[in-house]
Every structure is written in structure tokens, then in C-alpha cells.
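Me: Can you walk me through this one? I'd like the overall picture, then the aromatic pairs.

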Amino acid sequence: MAQIFITRKIFDEAIALLDEAGLDYWHNEADSPLNLSGMAAQLAEAEAIVCLLTDKIDAQVMDAAPKLKIIANTAVGYDNIDVAAATERGIIVTNTPGVLTECTADLTFALLLAAARRIVEADAYMRAGKFAGWELFQPHLGVDVYGKTLGIVGMGRIGTAVARRAALGFNMKILYTANNPKPEIERELGAQFVSLPDLLRQSDFVSIHTPLSAQTRHLFTLAEFHQMQPHAILINTARGPIVKEADLVQALQRGLIGGAGLDVFEEEPIAHPDLAGLPNVVMVPHIGSATTETRRRMAMMAVENVTAVLSGRGPINPVRTP
Ligand code: GLV
């Protein structure tokens, strides 16, 4: 059995790095999710696991892999890994920060614009042959984006990249929450550090960019939607469980908020069944980082972390322990 256990199909260039380094690997080329509890033989010999965010790597998996030195997640978020259990066992956890920032910010803006301008509904209307000519009161009147207020919940790398697009490209006013104020971003973009209630009350668009943790799980419930403006649009390209999805459905049905653009869902791959019936929702299947260039960079980065650790150099992108 091999030194490196790769749970899912990854790019050939990333595999080539392992070949060049003379490392021994087992690769799930089938590209279907594995049941890790049934992989005892692979885990027993594994010094490294390269995984995706859909692989739950908990204490049980780690205990089945006594030689494990590194878990390399092919994602920037790492809520699928029990980092505390890894730390206790001296196992390094790495992620892929930076390489997907701009790509995810692009998708965030695509959802924001699509929800604001009702692009998906209008596209379906055209395809159905319903366009009967320009009218002042066309069926797809949306809301302005240019010059509006965007509230960013979590001003990390992706939040900042979204803020830049909004401030520099769309003259938007930026409000944000974060663990600490970011004076350099305030200087660059005129962004204002505010409390979450102030952000919710004042924003025309609210975009979530915080990691999922015990503190952020269900950060958005009916109570938060009640504080938002009835025309406000919520965008989530972070993690589904940050929003209580049943409450979001109610908020949209009752008109507490105006719409939503969703890339992530509470129980992926399932989305709340009522979301599909809501015309004011644009939803896509967790494609924030889904361009070929970005996904390739993510796979390379995950594997580079493995080669660094197994060759005795330190990890390149260790995650902060909680
Ligand atoms: C994608 O959701 C990621 O965390 O990279």
C-alpha cells in the first residue's frame, strides 16, 4: 500500500509532481466519493492524505492512519477536517489559500448581478419565446447595483477581492464585519468596519465570506433576516451551514429580504426543496472555484504541501489551529 492516499481524481500535472519526487501514491482515479471507513488498508500505510472538501476527515479516519503526517485539503475551507483532532495527533493540515480568491470573488459578483438583474428568470423567458418587445414596465425589473451599499461579512482574502470589485468597478459603499478592523482596506476602498446588526440594517447586498466554525454556524437565521431591508439580496459563496436554510426560505417567501444568490447549501448536495420554486433565488452547485485554471492550481498546491512535508521541509500552507 502507498505512502500517499489521494481520495479523488486530481489533475495529471499534480500527479506528475509526485512522480518527479519519486513518491508512492494510491489515486482514486474513478472520481467517485469513497467511503473512508472502508479504506483501512490504504489508511494503514498512508503518511499523507490528499482530499476534497467532501471528504470528512475525523478522528476515526486519523486513528486508522497511524503513520499520517499531513492532510492536504484541496480547498481553502477546511471545516471537513477535525483540525483539533489532527493537532492532538501531531498531523499537519494544509489548505489552498490565495489561488482561488479572484475566481471565487468573480462568482460572487456573478451571483450578485444575476440576482439583482433577474438574469436567470429573464433568460428562461427569452428561451420560452415570451419576449414581446421593450416596455417601460417589463416583467423583469430588478434593482440597481451601481452606487449601492454592499455589506461584507468576513473581510478576508475573498471578502476583500469582492470589496475591490464593488468599490472600484461599481462605486459601491462597503460596510464590513471581521474579527478586527482592516485600516489598509478602509484606506484603499473607503470601507467601514461596523457591527453585524448595522451591516444588516444598512446594506442593499450582503455577501458572506467567513469560514464555517462553531461561531458562524447559523449566523443567519430569521432574526438576522428581520434586520435586513426588504429589497436586500443575500449572497453566499462561503459555506451553506452559515445560513439556516429553512429560515432563508421563509425570509424569501415572506418578503423579509428581496432575493438570494447561493453557491453553497446547508446539506450539500441537497438544497432545501422550496428554494427551487422561488423566482428570486439564483443558485449554482458550489462552483466558486470552478474554473480549470483555478482547480488545477488548487490540486498543485495540495500536492506541493505533501511533497514539502514528506521531504522534511515544513508545510507551505498550514491552517491555523482553532
Ligand atoms: C471551496 O469551497 C473551498 O473552500 O475551496
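Me: What kind of model is it, and how are residues numbered?
Reply: It is a predicted model, where local features need pLDDT of at least 70, side-chain atom pairs count only at pLDDT 80 or more, and totals for chains, interfaces and linings use all residues. Residues are numbered from 1 along each chain as its sequence is written, and side-chain values use heavy atoms, with hydrogens and water left out.

Me: How many helices and strands?
Reply: The protein has 12 helices and 12 strands. These are DSSP runs numbered from the N terminus, H or I of at least four residues for helices and E of at least two for strands.

Me: What box do the C-alpha atoms fill?
Reply: Roughly 70 × 50 × 35 Å, along the principal axes.

Me: How much is buried?
Reply: 48% of the 322 residues. Buried means under 20% relative accessible area, exposed over 50%, and partly exposed in between, with a 1.4 Å probe and protein chains only.

Me: Contacts: what share joins residues at least 24 apart?
Reply: 60%, among contacts between residues at least 6 apart in sequence. A contact means heavy atoms within 4.5 Å.

Me: On to the rings. How many aromatic pairs?
Reply: The count is four. Rings of Phe, Tyr and Trp (its six-membered ring) pair if their centres lie within 6.5 Å; planes under 30 degrees apart are stacked, over 60 edge-to-face, and the rest tilted.

Me: What about phenylalanine 5 and tryptophan 26?
Reply: Their ring centres are 5.5 Å apart with planes at 55°, so the pair is tilted. Phenylalanine 5 is in strand β1 (residues 4-6) and tryptophan 26 in strand β2 (residues 25-27), so the pair ties together parts 21 residues apart in sequence.

Me: Is phenylalanine 5 buried or exposed?
Reply: Buried, at 1% relative accessible area, whereas tryptophan 26 is partly exposed at 26%.

Me: And how are tyrosine 176 and phenylalanine 193 arranged?
Reply: They form a tilted pair, 5.4 Å centre to centre with 50° between the planes. Tyrosine 176 sits in strand β7 (residues 173-177) and phenylalanine 193 in strand β8 (residues 192-193), 17 residues apart. Tyrosine 176 is buried at 0%, while phenylalanine 193 is partly exposed at 35%.
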